[in-house]
Amino acid sequence: MITLEQVRALDAADPLRACRERFALPEGLVYLDGNSLGALPRAAVERQRQVVEREWGRDLIRSWNSHDWIGAPQRVGAKIAPLIGAKPHEVIVADSVSVNLFKLITAAAALSPKRPLLLSEPGNFHTDLHVASGATELVPNLRLETVERGRIEEALGPDTNLLLLTHVHYKTGERFDMARVTARAKDSGALTLWDLSHSVGAVPLQLNRDGAELAVGCGYKYLNGGPGAPAFLYVAEHLQERLMPVLRGWMGHAAPFAFTDEYVPAPGIARFLAGTPPMLSLLALESGVESFEGVDMETAWAKSTALFDLFAALVEQRCAGHGLDCVSPRDPGARGSHISYRHPHAFEICQALIEAEVIGDFRAPDVVRFGLTPLYLGYEDIWTAIDRLVDILESGRWREPRFAVRGKVT
Ligand SMILES: Cc1ncc(COP(=O)(O)O)c(C=O)c1O
Ligand SMILES: Nc1c(O)cccc1C(=O)C[C@H](N)C(=O)O
């Protein structure tokens with residue numbers, strides 16, 4: 001039996017406890033949705049004020065040079081690099097994950113025009129599959145095939161052009177073995193493009209060590225970059241000069257201010273910029289990435305696994321018989337930083353929890369999902385969340401009709 005005293009002892013011994021102060025979170029709220037929209041870093045508030053009032057308001061267009069706005073995509077990319085085990089010049093911030101997927105799929109597929117297969121898994125995050133299907137209409141001969149994750153390695157072959165996978169599954173939290181899968185794909189002559197949206201800032205990543213060549217990732221989840229924060233993309237050093245962007249914007253030109261008709265890609269990863277970066281959002285993302293300062297990802301991951309284990313154990317201990325079925329792997333090496341449960345009334349339970357100030361989210365058709373963000377969650381938060389969940393399940397309050405009302409966003 002886990003007790004509140006034991007849980008409080010975990011908080012007292014938590015090396016990341018002080019990090020919570022880096023975030024502005026409403027009192028009494030248990031926020032378990034940082035894997036969908038990260039919390040607000042306190043530093044972002046002052047930084048945004050400064051950017052708006054001084055850099056935009058006073059210095060105006062001079063800020064592109066004087067405040068190095070123009071260098072921000074590379075600068076913030078370089079700050080993300082240590083979180084993913086990449087070199088600073090292998091990461092750049094731009095656009096959304098969806099757009100970056102398009103850029104990398106179309107550029108990478110053109111490297112092997114005789115190989116027609118773009119391989120992914122069914123149930124991958126839908127934007128990945130949608131962008132991939134659009135790319136097949138543009139790249140001659142390319143076709144998209146999805147194969148269940150357990151059969152992906154055997155599906156790789158001489159026809160495979162590109163393997164497109166989400167490292168940590170957005171719904172279940174299942175995690176691929178990046179090193180192994182990348183190596184298998186390489187053996188068959190294919191490149192792998194990893195979507196790190198549910199991994200970056202959550203699980204320790206070593207892209208260089210694991211041989212990863214292409215990746216994209218989200219800025220507004222665990223990186224705490226704010227709603228609609230720009231995303232990032234990674235291209236391994238040795239591939240950068242070989243990839244020719246299809247989406248050719250002036251910011252990715254070798255000399256944007258030469259205003260020439262001819263397209264000459266910028267050297268290195270900068271060619272994957274397209275249009276003008278959204279400076280307010282990009283600088284908010286910089287504050288979000290800086291909220292990891294001094295945090296070792298192995299320490300964060302150790303806390304994530306402990307939060308997960310506590311959550312799972314408390315559900316087992318206190319919610320037995322209420323039909324919650326954990327769909328996330330128990331093996332920490334095989335999962336990310338969220339825990340998900342299947343339940344026929346997952347939507348209503350999720351809504352009742354939100355009313356009780358425990359914010360998780362619902363993923364259709366029947367999953368309630370809880371993000372475990374070690375920087376700003378304490379162990380007692382998990383205890384409180386389960387306390388409120390128990391109350392909702394035992395009282396049957398989730399059956400009240402208002403909890404069945406669906407908004408546009410879940
Ligand atoms: C795995 C995954 N890929 C891509 C996206 C979409 O990213 P964006 O909205 O930046 O296109 C999300 C979530 O939004 C996601 O979870
Ligand atoms: N991007 C989102 C949004 O604009 C509204 C609501 C949710 C999101 C999300 O990021 C969803 C998230 N990618 C997921 O894993 O489900």
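**Close-up views of a predicted model**

**View 1. The whole chain, in outline.** The protein chain holds 13 helices and 15 strands. Its radius of gyration is 22 Å, close to the 22 Å the globule rule gives for 410 residues, so the chain is as compact as a globular protein of that length. Keep in mind that this is a predicted model. Along the principal axes, the C-alpha trace spans about 70 × 55 × 40 Å. Buried residues account for 46% of the 410 residues. Of the contacts between residues at least 6 apart in sequence, 72% join residues at least 24 apart.

**View 2. The seven-stranded sheet.** Here the strands line up in the order S4-S10-S9-S8-S7-S5-S6, making an open sheet with mixed pairing. Strand S4 (91-94) and strand S6 (143-146) sit at the edges with a single partner strand each, so one side of each has no neighbour in the sheet. On average, neighbouring strands are turned by 20° against each other, direction ignored. For an antiparallel pair, look at strand S9 (residues 214-217) and strand S10 (residues 231-235), which are joined by four bridges. Leu214 has Val235 in S10 as its bridge partner. Helix H6 (residues 126-138) packs on this sheet and touches S5, S6, S7 and S8. The direction of H6 makes about 175° with that of S5.

**View 3. Strand S7 and its two neighbours.** Strand S7 (residues 160-166) is mostly covered, with seven of its seven residues buried. Strand S5 (residues 117-120) runs parallel to S7, and three bridges join the two. In that pairing, Leu117 stands opposite Thr160 of S7. Strand S8 (residues 191-195) is also parallel to S7, joined to it by five bridges. Leu162 has Leu191 in S8 as its bridge partner. To get from S7 to S8, the chain passes through helix H8 (residues 178-187), and this β-α-β crossover is right-handed.

**View 4. Helix H13 and what covers it.** At 1.5 Å a residue, the 17 residues of helix H13 (residues 379-395) should span 24 Å, and the end C-alpha atoms are 25 Å apart, which agrees. Which residues of H13 are buried? They are Tyr379, Asp381, Ile382, Trp383, Ala385, Ile386, Leu389, Ile392 and Leu393. For reading that list, recall that an α-helix has 3.6 residues a turn, so residues three or four places apart point the same way. The cover over the buried residues of H13 includes helix H1 (4-12), strand S2 (30-31), helix H11 (297-318), helix H12 (346-355) and strand S13 (358-359).

Terms used:
Residues numbered from 1 in each chain as written. Chains lettered and ligands numbered in written order. Predicted model: local features only at pLDDT ≥ 70, side-chain atom pairs only at ≥ 80, totals over all residues. Expected span 1.5 Å × (residues − 1). Buried ≥ 20, exposed ≤ 12 C-beta atoms within 10 Å, placed from the backbone. Contact = placed C-beta atoms within 7 Å. Pairing = 2+ DSSP bridges. Right-handed = clockwise from strand over helix to strand, strands pointing away. Rg over C-alpha atoms; globule rule 2.2 N^0.38 Å. Axes fitted to C-alpha atoms, helices over the stretch in contact; angles between N-to-C directions.
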